[in-house]
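Let's take a walk through this protein together.

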Amino acid sequence: MFLAIATAAAFSPPAHAWSNHALGTWQALGPAAEVAGAEPLRVESLEAFVAAEAPALERLLNVEEAWARHNVPYYPARPDALAFRPGGAAPEMRRRFLAALRINPASRLTLFLQVRPGTTVPATDVMPRAEVTTVGQRDDHNKATFRRLQEGDMVAALDVVASASDEPDFGLDIGIWEDNGTDYGRRYGFGKQPFGNPALEFSSQAPMHMGFFHEQWIVYKAAPFLLRTYPEYRIHLYQSLAQHALRSGHPYWGWRFAGWALHYIQDLTQPYHSRVVPGVGTPTLLWTNSLALLGFTTEKEHAITLVSNRHQALENYQVRRMRAAYQRKDDNDALLLATRNSADDRRYPAYSDAAVRESITKQSHALADATDAALEHAIPPKYISDPSYVMTASGTDVDLYALLSAGPDAARDEMTTLVAGLMTNFGIHSRLFIRALAEGGRATGK
């Protein structure tokens, strides 16, 4: 039962942590001088970066592997055969670099920027979605516009890190487990997918994007696979690559790797990515599990549907409201204001490796039940309290922001308060991470 609910709570496509991270990152880092005040960046291909830094990358990736083995609980060690080695032609070095990172070798990693909604781009500059992501149809990215870049172009650091902050949802962590049916998944050494359906494309990225670090001991006893989540591994790896690139004169890849790391930080500010089943207490979980073991599965199936729908309802409202605010150029929208609000940044300690568990997920886990309750109060019951309604199948065209905007003031205000509060945390932890990264990177121009 824990397996089934964990699967549905977080991994039923197209649910993610935050839909289209770039919409939030532009706002979160607008007040961050480290990014917003950076000099324009010269665009560089991944192949050029890897070729220029190959010996240093070999050393860095070996250090990172040692760090992960020592610091990440239950970490599945990288096979020694995948250790990065310099030398060879550019395509071969790129292949070995991606294998050492253990990401999807089909990841596009093309030169692009996501364009802010409401901005016009010449048709000749528009990049087809399939050249940016390997992932199948996704509503939030079907509506995004991507601009093609060329090596040597000069671009703003804020646009690079914002665009890159959505990139881990473009297929980087898909197919990496041995039971995902991919050749590379069988080579990467991660073992079998801890939870979720390994046959579903987007499900395979979940254990890298979630952190169930604060459940009760009995939950881990019943579902030990929940201990196998690895966002700390990805964050530290990409943070180290970013700092190296900034220090060594590759600021484009410095800020692009920074965006990759930031993605996982932002994912963990979402309560449905740090709590297995928000709104359902442990005794209820155990009781439902007992009924299921006796063959009475209705309550289990209803719980699966409801938690999945609520997760997706939160994403639906967030992305549609933020996109609409960009399109009407409303910088005073409550969600955009909340994400930019840096007034409380000083109340938090500087980012460190410990922040993932001791600050970010502790906070979002503590907010999980209140988040679930607010959704239940604010959103019409059909979408979040009716187990016969499945948002993944019948809700792809639902616009909950438009629906609530036309509804009662009380529901609209409650949803605004809820999501603005979560986006405030999204912004705070984004800025704290970027400040720490920049202090360790001290970019040099190139």
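Rings of Phe, Tyr and Trp (its six-membered ring) count as a pair if their centres lie within 6.5 Å; planes under 30 degrees apart are called stacked, over 60 edge-to-face, and the rest tilted. By this rule, you get 24 aromatic pairs here. Take Tyr238 and Tyr264: their ring centres sit 6.1 Å apart with planes at 40°, so this pair is tilted. Tyr238 belongs to helix H11 and Tyr264 to helix H12, 26 residues apart, so to speak a link between distant parts of the chain. Helices here are DSSP runs (H or I, at least four residues), numbered from the N terminus.

A quick word on the source: this is a predicted model, where local features need pLDDT of at least 70 and side-chain atom pairs count only at pLDDT 80 or more, while totals for chains, interfaces and linings use all residues. Residues are numbered from 1 along each chain as its sequence is written, and side-chain values use heavy atoms, with hydrogens and water left out.Now find helix H7 (residues 157-164) and helix H12 (residues 251-267), which pack at about 40° with their axes 7 Å apart. The axes are lines fitted to C-alpha atoms over the stretch in contact, and angles run from 0 to 180 degrees between N-to-C directions. Who touches whom (heavy atoms within 4.5 Å)? H7 brings Ala157, Val160, Val161 and Ala164, and H12 brings residues including Trp255, Arg256 and Trp260. Together, the contact residues are 8 nonpolar, 1 polar and 1 charged; Ala, Val, Leu, Ile, Met, Phe, Trp, Tyr, Cys and Pro count as nonpolar, Asp, Glu, Lys and Arg as charged, and the others, Gly among them, as polar. H7 passes H12 in a right-handed crossing, meaning the near helix is turned clockwise from the far one by less than a right angle.

Conventions:
Helices (H or I, at least four residues) and strands (E, at least two) are DSSP runs, numbered from the N terminus. Contact means heavy atoms within 4.5 Å.
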